[in-house]
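Work through the exercises below with the model open. Try each task before reading its solution.

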Amino acid sequence: KKDVPYDTSIHRSKDEKSSSNKLPTEADVVVIGAGSVGCSTAYHLAKLGGGKVILLEKSRITSGTTWHTAGILWSFRSTESETIMQLQTRELISKILPEETGEDAGWLSTGTLNTAKTKDQLKNFLKHASFASALGVDIFELMPNDISKLHPLLNTKDLYGAVYSPQCGTIDPATYCMSYVKAGAKYGLKTIENCSVNKINVESDYLGLKRVASVETDLGTIKTSNIVNCAGAWAPYIGKTINEYVPQLVFKHCYVVTEPIEGILGTPIIKDHGTIYMKPQGNAIQFGGYEFNPILEPNVSTNFAFGLYDMDWDLFSVHSESAVNRIPAVEKTGIHSTVNGPESFTADGHPNMGESPTTRGYFHGSAFNSGGIMGGGAGRQLAHWVIHGKPEINLANSYDHKQHETDHYCNEVEKDCTFEFAEKSHKLVGDECRTCRNSVAVFDSSYMGKLYISGKDADETVTKLLTRDITNTENQFVYSLMLNKDAGIECDVVATKMNGKSGGNEYYITVPTAAAQHCRFHIQKLIQDHTLHSSVQDRTEETSILSVQGPK
Ligand SMILES: Cc1cc2nc3c(=O)[nH]c(=O)nc-3n(C[C@H](O)[C@H](O)[C@H](O)COP(=O)(O)OP(=O)(O)OC[C@H]3O[C@@H](n4cnc5c(N)ncnc54)[C@H](O)[C@@H]3O)c2cc1C
C-alpha cells in the first residue's frame, strides 16, 4: 500500500500571517528551503540578530524530505558536534519553542535503545554515549534481562547488551517546522512559500573575489549579501547557478508502518545493531534501515513536492528479516503503509555546513545523512556562522578538505610496512624513533598544506594574522598561532619570510593538510575585511617538503 502515515497539509489558523507572497526587494539574509534545517536556520537568524531574514520555499513548508521523516531524535551520534546539535534540537522542541509559541512543538519522548550483539559494539556505543552523558543526558547500560523488562516484545537471545536513553524521542515534522516559522515571525522572520529560487547572482570585489549580490526568484529579485542553501536534495541545483560544487548524493531511503501490534504502545525506539530502526507509531511499528547497496537518485526532479517513490521490496527484504528477528510479532503482522523518499548523503558522513571557500556570503546547510532532525541545532550553528563568522561549536570537519584521488601512496607503503602496529613493524618503528632522537632523520612532510601570502600589504596581512612577528624571519622557520578576531585559535602554523618572485615580500606558511582550505579562506577573509592589497595562494600540490630532524 502507498498511503502515507502523515497528513501532508499543515494546519494553519485563519489569522496566521507567517506565509505571505509579497516579496521584499532587500534582505540581510535569504534562507532557501523550508525543511527541518532551513526553518531552524531562519528562526535563529531572526532571533539572534541576523537583521532582515527571509525564508523562501519553492512549494509548501516541509514539502521536500522533512514531511515524511521518521522523525527520530537519537541521544548521540558518532561525532561530538552532531551530538551537541541533537541535544540543542531536543531543547528547542521540548522547551524553547513551546515557551515562545505557547503551543506544543510536536515532541514525543519515548526513550531509545541501541542494541548491541557483541561486547565490542556495546563498548563503541558507550564511547559515543559518554559524551552525551557528560552533557547531562541519562545513559544506561542494560544487559539482556533488563532489556526484556523494558521491552517485553524484543528477542534478546542474540544480544550482548544495549544502551538506553530515556530522554530521546520523535518529532512531528509539520508541527515542528511550523513552530519555527511562528516563533520566528515574532522576531521579524518573513516566510514565503511557492517561491522558487532560480539563480544566485554574485559580484566581484576589489580583489576580483566573488560575493553574493542577490537571488532571483519566481516572484522577483531580492538584493542580499548572504544566502543559506538549505534546499536539501535540491541544494546542488542552486550551487550550480554560481558553479559552487555541493558534495552530496541523493539516495532513496524507506521505511514501512505495520498494522497494530499488541503491546507495542509506549515502548522505546530501537536501533538494532546499528542497522535498522524500529519506532512505535501509536500501536504499530515503523521500521526501516540502511542498505549496503542503496538506490541512487541522480536527478531528483525540481518539481518534486510531497512526493514519494515506489518501494523496492527485494532491497527492503533485508530489513524485514532483521525486524522479524528483533520483534518476532512483526512476522504475523501486515504492512499498513510505506514511505520511500529522497535523502542526501555525503562521502564522509558529515553534513555540508558553513561558508563557501570561494564565494563570500554563500553558506551551505544540506546533506544531513539521515539525521536532518538535528536541523534544530544545525540551524542555530548556521545562524551563528552567518552573524559571527563562525559557529558556536567546532564544526571543522563539516566542509571536507580535498581528498587524494588515488591511494597509490598507501599501496606503496603497504608493500613495505603497514600503518597498523603489526608485530613485524615494531622493530622498524623503534629503530626510526631512536635514530631521530639520537642522530638525524629525514621526514617527507609533503602532506602539509602550503600557503603563500604576497602583495603590497603582505607584511600587514601576516602581522594581523599571526601572534608572532614574522616580518624579520628570513632564513628561519618560526612557530606561531593564527588567530581570529575573537582571539580564538584558527590553526597553529610554521612560517617564514621569503623574497617574492616579483621582488616584494612573500610569506610561506605551512598548515596541517586537513586545515589548508579552511586557513586559506580565513586569510582571504581577513584580507577582504581590512581591504588589504595582498593575496593568498594554496600551492600544496606544487611543493614538496623534506624535514631534517635530530641532534646531529
Ligand atoms: C524515509 C526517511 C526517514 C528519515 N528518518 C529520519 C529520522 O528518523 N531522523 C532523522 O534525523 N532524519 C531522518 N531522515 C532524514 C531527514 O528527514 C532529513 O535529513 C531532513 O528532513 C532534511 O531536511 P532539510 O531541511 O535538509 O531538507 P528538506 O526537508 O528536503 O527541505 C529542503 C526544502 O528546500 C526546498 N527547495 C528546494 N529547492 C528550492 C528552491 N530552488 N527554492 C526554494 N526552495 C527550494 C524544498 O522544497 C524543501 O522543502 C529520514 C529521511 C527519510 C527519507
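The exercises cover the ligand site and then helix packing. This is a predicted model, in which local features need pLDDT of at least 70, side-chain atom pairs count only at pLDDT 80 or more, and totals for chains, interfaces and linings use all residues. Residues are numbered from 1 along each chain as its sequence is written, and side-chain values use heavy atoms, leaving out hydrogens and water.

**Exercise 1. Find the residues that surround the ligand, and sort them by class.**

Step 1: Sort them. The shell holds 17 nonpolar, 17 polar and three charged residues. Here Ala, Val, Leu, Ile, Met, Phe, Trp, Tyr, Cys and Pro are nonpolar, Asp, Glu, Lys and Arg are charged, and the others, Gly among them, are polar.

**Exercise 2. Locate polar contacts to oxygen atoms of the ligand (N or O pairs within 3.5 Å).**

Step 1: A polar backbone atom of Thr65 is 2.8 Å from a ligand oxygen. For a backbone N or O atom of Val37, the distance to a ligand oxygen is 3.0 Å.

Step 2: Check side chains. An N or O atom in the side chain of Thr69 lies 3.2 Å from an oxygen of the ligand.

Step 3: Alone, the ligand exposes 1000 Å², and the protein buries 97% of that (Shrake-Rupley, 1.4 Å probe).

**Exercise 3. How do α1 and α5 pack?**

Step 1: Take the helices as DSSP runs (H or I, at least four residues). α5 spans residues 173–186.

Step 2: Compare axes, which are lines fitted to C-alpha atoms over the stretch in contact, with angles from 0 to 180 degrees between N-to-C directions. The axes of α1 and α5 are 9 Å apart, at an angle of about 20°.

Step 3: Classify. α1 and α5 are therefore roughly parallel (under 35 degrees).

Notes. A polar contact is a pair of N or O atoms within 3.5 Å; within protein, one must be able to donate a hydrogen and the other to accept it, and residues adjacent in sequence count only if both atoms are side-chain atoms. Helices (H or I, at least four residues) and strands (E, at least two) are DSSP runs, numbered from the N terminus. Angles under 35 degrees count as roughly parallel, over 145 as roughly antiparallel, 65 to 115 as roughly perpendicular and the rest as oblique.
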